[in-house]
Amino acid sequence: MGGFEGHLFPGLSLFFYGLYHTRLVSKALICNYPIQHPPSRPWSKGRWVRLRQIYYVGLVKILSAGILVAQELHSVHGQFVLISKIYHQRNFLYRKQWQHLTLYMTFFLSGCVDVVSQNLLPQRCAALEQAAQALGIFLFVPLMVSHVQDSEGVELQSHILLTQAMFLLSLVVIAELWAPNMPQLWVMKAFFYLMTGSWLMQIGFMLFKPISGYKWMDDDKNDIMFVTTFFCWHVAFTAILMIWIYGFSFWWYCYIS
């Protein structure tokens with residue numbers, strides 16, 4: 001996440017995953033489903049029929065994690081190592097890149113768990129999927145706390161707000177482990193995925209490609225204050241987007257489908 005692409009691609013991944021959960025929760029609430037993730041259907045005979053029955057969410061997670069890892073490794077100049085020994089001293093190298101790769105590997109693990117649970121096990125284990133998801137989100141928080149230690153100004157303020165959103169998301173996904181069939185948690189999880197994804201993309205534009213063409217100034221209090229204002233606008237935008245998706249889903253499932 002060290003450049004524009006390092007913020008854009010993870011943000012898009014989280015945002016689209018939030019859209020996926022928003023669609024799930026809208027369908028569950030409109031159709032009065034008691035659970036968000038229905039059990040897997042028995043496999044039908046026929047190659048093409050089985051292909052349509054495959055759940056692709058886990059595969060998309062794995063593909064996204066692979067793309068993020070490739071982008072991170074491409075941004076490294078020189079030999080990518082963990083420890084360098086110079087003059088009989090031990091030095092850790094590429095600390096932020098290793099943090100990013102640790103985070104991406106947890107999402108890769110979550111995707112592998114989804115694939116196994118949804119497509120390979122005789123009975124879907126939603127609790128296992130949620131546990132792997134909670135692990136990835138939980139690790140995001142301490143990594144972000146240490147990630148901003150050498151930041152200041154606009155970068156520091158924007159990442160503090162991102163860490164707050166991720167902390168709330170981690171609380172939601174952990175609570176879902178004990179209350180997996182609570183619709184309020186479904187809604188909050190979808191909301192925070194959308195929120196963190198859109199805000200992570202916004203950070204990339206603010207720090208590296210400002211839309212106005214003028215660089216944000218770390219020593220300008222107005223710029224730092226407007227970072228928080230933009231964050232609040234993202235919160236409102238996310239809420240409006242979820243309401244629109246629910247309204248469209250209601251129209252679709254009640255009058256079209």
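1. Order of elements. Read along the sequence, the protein chain of this predicted model runs α-α-α-β-β-α-α-α-α-α. The chain has 8 helices and 2 strands.

2. Burial and contacts overall. Of the 257 residues in the protein chain, 40% are buried. Taking contacts between residues at least 6 apart in sequence, 71% join residues at least 24 apart.

3. Helices α4 and α5. Two packed helices are described by the angle between their axes and the distance between the axes. Helix α4 covers residues 95-120, and its axis comes within 8 Å of that of α5, with a crossing of roughly 175°. Angles over 145 degrees count as roughly antiparallel, and α4 and α5 are therefore roughly antiparallel to each other. Their contact has 12 nonpolar, 11 polar and 3 charged residues.

4. Helices α5 and α6. Helix α5 spans residues 126-147 and helix α6 spans residues 153-178; they pack at an angle of about 155°, and their axes are 9 Å apart. That angle makes α5 roughly antiparallel to α6. The crossing of α5 and α6 is left-handed. On the α5 side the contact includes A127, A134, I137, F138, V141 and M144. On the α6 side the contact includes H159, L162, M166, F167, L169 and V173. By class, the residues of the contact of α5 with α6 are 16 nonpolar, 5 polar and 1 charged.

5. Helices α6 and α7. The axes of α6 and α7 come within 9 Å and cross at roughly 160°. That makes α6 roughly antiparallel to α7. The crossing of α6 and α7 is left-handed. The residues of this contact divide into 20 nonpolar, 3 polar and 3 charged.

6. The largest nonpolar core. This core has 39 residues, and those with the most contacts inside it are L162, M166, L169, W199 and V227. Helices α1 (4-30), α5, α6, α7 (183-207) and α8 (221-256) each supply at least two residues of the core. Helix α7 gives the most, with 12 residues.

7. L162. Which residues does L162 touch, not counting residues up to four places away in sequence? They are M144, T196, W199, L200 and I203. Of these, M144 is among the α5 residues that meet α6, while W199 is one of the residues with the most contacts inside the largest nonpolar core.

8. I137. This residue is in helix α5. Is I137 buried or exposed? Its relative accessible area is 0%, and residues under 20% count as buried, so I137 is buried. Leaving aside neighbours within four places in sequence, I137 is in contact with F107, M166, L169, S170, V173 and Y193. The C-alpha atoms of I137 and M166 are separated by 7.2 Å, although the two residues are 29 residues apart along the chain.

9. Q71. Helix α3 (residues 57-74) contains Q71. Q71 is buried because its relative accessible area is 18%, and the cut-off for buried is under 20%. Apart from neighbours within four places in sequence, Q71 is in contact with E5, G6 and F9.

Key:
Residues numbered from 1 in each chain as written. Predicted model: local features only at pLDDT ≥ 70, side-chain atom pairs only at ≥ 80, totals over all residues. Heavy atoms only, no water. Axes fitted to C-alpha atoms, helices over the stretch in contact; angles between N-to-C directions. Helix = DSSP H or I, 4+ residues; strand = E, 2+ residues; numbered from the N terminus. Parallel < 35°, antiparallel > 145°, perpendicular 65-115°, else oblique. Left-handed = near helix turned anticlockwise from the far one by under 90°. Contact = heavy atoms within 4.5 Å. Nonpolar A, V, L, I, M, F, W, Y, C, P; charged D, E, K, R; others polar. Core = buried A, V, L, I, M, F, W, Y, C linked by side-chain atoms within 4.5 Å. Buried < 20%, exposed > 50% of the residue type's maximum accessible area, 1.4 Å probe, protein only.
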